[in-house]
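Colleague: Please take a close look at one helix pair in this model. Then place it in the wider picture of the chains.

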Amino acid sequence: MNQQTPPHVVFRDVDKSYDGKNRVVSGLNLEIAKNEFLTLLGPSGSGKTTTLMMLAGFEAPTAGSITFEGRAITDVPTYKRDFGMVFQNYALFPHMTVAENLAFPLRMRKIGKSEISDRVKKTLDVVKLGDFADRKPLQLSGGQAQRVALARSIVFDPKMVLMDEPLGALDKQLREHMQLEIKRLHHELNITMLYVTHDQTEALTMSDRVAVFNDGKIQQIGTPQEMYGAPANKFVASFMGENNSLNGKVTKTGSGNEISVYLEDFGAEVQVTSSRAREVGQSVKVMVRPEDVHVAPNGTQGAFTAKITDIVYYGDHLRLVFGASAESSLTIRVQHHEISAALEPGAEVTLKWQPEHALVFKAGDVLD
Amino acid sequence: MMRFAVPAFAILVLVFMISPIFVIFPLSFSSGSVLTLPVPGYSLQWYEDFFFSERWLSATKNSFIVGFATMFLAGILGTMAAFGINYSDFRGKKLILAALSLPMIVPLIVTATSMFLAFSIVGIANSLSGLVIAHTIIAAPYVVITVLASLQTFDMNLLRAALSLGAHPITAFREVVMPMIMPGVIAGAIFAFATSFDELVIAIFITGPGQFTLPRQMFAGLREFLSPTISAAAVIMVLLSFVLLFFTELVRQRGERLKASSNE
């Protein structure tokens, strides 16, 4: 995060292959700053977990180097790395009580008995499980078990904490609660955290920075705001939050970033933003988020009309769906007061967006 | 009709399988001196003969020594082999697993012959240690199989967690892996003991009279003196098998409980 702090962890040109042919991670360059909360986000098989496993020392890179505080750690075994780790399935030792689980890393460090019990107690209080010290992991709920796992990963003052989809096994409400809990811990402990998830909401709400992985490569890395507002390519645009993807052809280019695109499925010309030079006639994808499209009065300049195919009720808001096929449909998010209650499928509505909210990517190429 | 036929048939099968074992019980309490049914009367003379005969006691002692040594060696080797096979992924893993279970498939008489020849060369034929080595070779595969089975349900993340918490791999194995796979290890060890305890073919080949084990002594008794003492010995062995069965079941139940907790 902070550009002044030297990087804590550096991945330099790291490759990982299990069979010598397919690279699970390829040419990875990544710097993690001290005390930052970095999330590796991506679909399964994108290389994010492998990256975490290499940092934890469970996997060795096929090529490249990993340094921690300036020292190469590739040859340092896991048990000497001093990184706390949290797993999706908690990985609590079932034959030990909660307190014994927490005492384990301290015992491994040959810490005295009385200090162990002090620190165990203190850390259990931090995760608000002080009364559960004598329970066995089997007697805990999922949320409690994961809090114990969290406590166990921080009780020995690790140099950083690695989390591999820690909330994946919890239900939605508990997840949201635990997200806040982890964020609070990060804040209180002032510690570097590397978090792996496939859940973009988690990535957006918790992280200082997010690195989006696909096909063993980082597609983009930046703050949640950058990733959401200015995705570098179509993959990031569609993976971070919801996005509409509309087929279009460039009709007019100007001196600035703003260009005109003809939307084939809606028969309308719209103003959009392109970070790259486009040629007239080029096929493009226009990506615009559901919350950035608004219903406008008839005749608004730069707006276009479309026929509603579906209205979906979401409680706090509504979603209007336009377009014939699912592939080229446009979904927008509206508040109840923005439209009249009498609106029905089949009705024509005028739609408008700010040109800077509609991004243009080359059709076909995912990484454009 | 079918409602009764199926259970009745099942019970018949069970009787068919088990009753021959029980024939030995009345025989062992016979007051007569030949192995025939019905028995003329009941007495404990054959048990007395067993417990006061130098020959039988020495055979029992040898059986226990070899049995426990085999259990110990096969337990350690089999557990290490199973963990190694389960943990690492390498080419030829299936081949090694097949090679390890070879002693279970190769006819015992073939194994016994080759061992006799091989052990003669290195000079450990006619010795208890030779018998222990031979029994370890045929018993270890059972340990490999039971430990592999319990490793199937072992969550490798537990090992990873232990390592990440600063445990040396050996400590992690001892403190985290062992308690979880203990039921498999113990079950395998009991199998190993049982394998050694009732093994005859190899014992015939590589023990002299000084190293006779119980089965070997019974075999000798059957051929040479046909004394009902062997029926007393047989009953003692059957009872011991029951004890082993009981232990295996106990361990299995404990294992189920731990498994349930690790899957939670």
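Modeller: In this predicted model, helices α2(A) and α4(A) make a right-handed crossing. Helix α2 of chain A covers residues 98–108, and helix α4 of chain A covers residues 142–154. Their axes come within 8 Å and cross at roughly 25 degrees. Angles under 35 degrees count as roughly parallel, so α2(A) and α4(A) are roughly parallel to each other.

Now the residues. From α2(A), the contact uses A:Val98, A:Asn101, A:Leu102 and A:Pro105. From α4(A) come A:Val148, A:Ala151 and A:Arg152. By class, the contact of α2(A) with α4(A) has 5 nonpolar residues, 1 polar and 1 charged.

Next, the domains. Chain A is assigned domain 1 (7–238) and domain 2 (242–362). The C-alpha centres of these two domains of chain A lie 39 Å apart. Domain 1 of chain A puts 4 residues into the contact, and domain 2 of chain A puts in 6. On the domain 1 side of chain A, the residues touching domain 2 are 1 nonpolar, 2 polar and 1 charged.

Last, the partner chain. Here 22 residues of chain A are in contact with 19 residues of chain B. On the chain B side, α8 (156–164), α9 (169–197) and α12 (229–263) each supply at least two residues. Helix α8(B) gives the most, with 6 residues. The side of chain B that touches chain A divides into 9 nonpolar, 7 polar and 3 charged residues.

Conventions: Residues are numbered from 1 along each chain as its sequence is written. Chains are lettered from A and ligands numbered from 1 in the order in which they are written. This is a predicted model: local features need pLDDT of at least 70, side-chain atom pairs count only at pLDDT 80 or more; totals for chains, interfaces and linings use all residues. Two residues are in contact if their C-beta atoms, placed from the backbone, lie within 7 Å. Helices (H or I, at least four residues) and strands (E, at least two) are DSSP runs, numbered from the N terminus. Ala, Val, Leu, Ile, Met, Phe, Trp, Tyr, Cys and Pro count as nonpolar, Asp, Glu, Lys and Arg as charged, and the others, Gly among them, as polar. Domain bounds come from an automatic or database domain assignment. Axes are lines fitted to C-alpha atoms, for helices over the stretch in contact, and angles run from 0 to 180 degrees between N-to-C directions. Angles under 35 degrees count as roughly parallel, over 145 as roughly antiparallel, 65 to 115 as roughly perpendicular and the rest as oblique. A crossing is left-handed if the near helix is turned anticlockwise from the far one by less than a right angle, and right-handed if clockwise.
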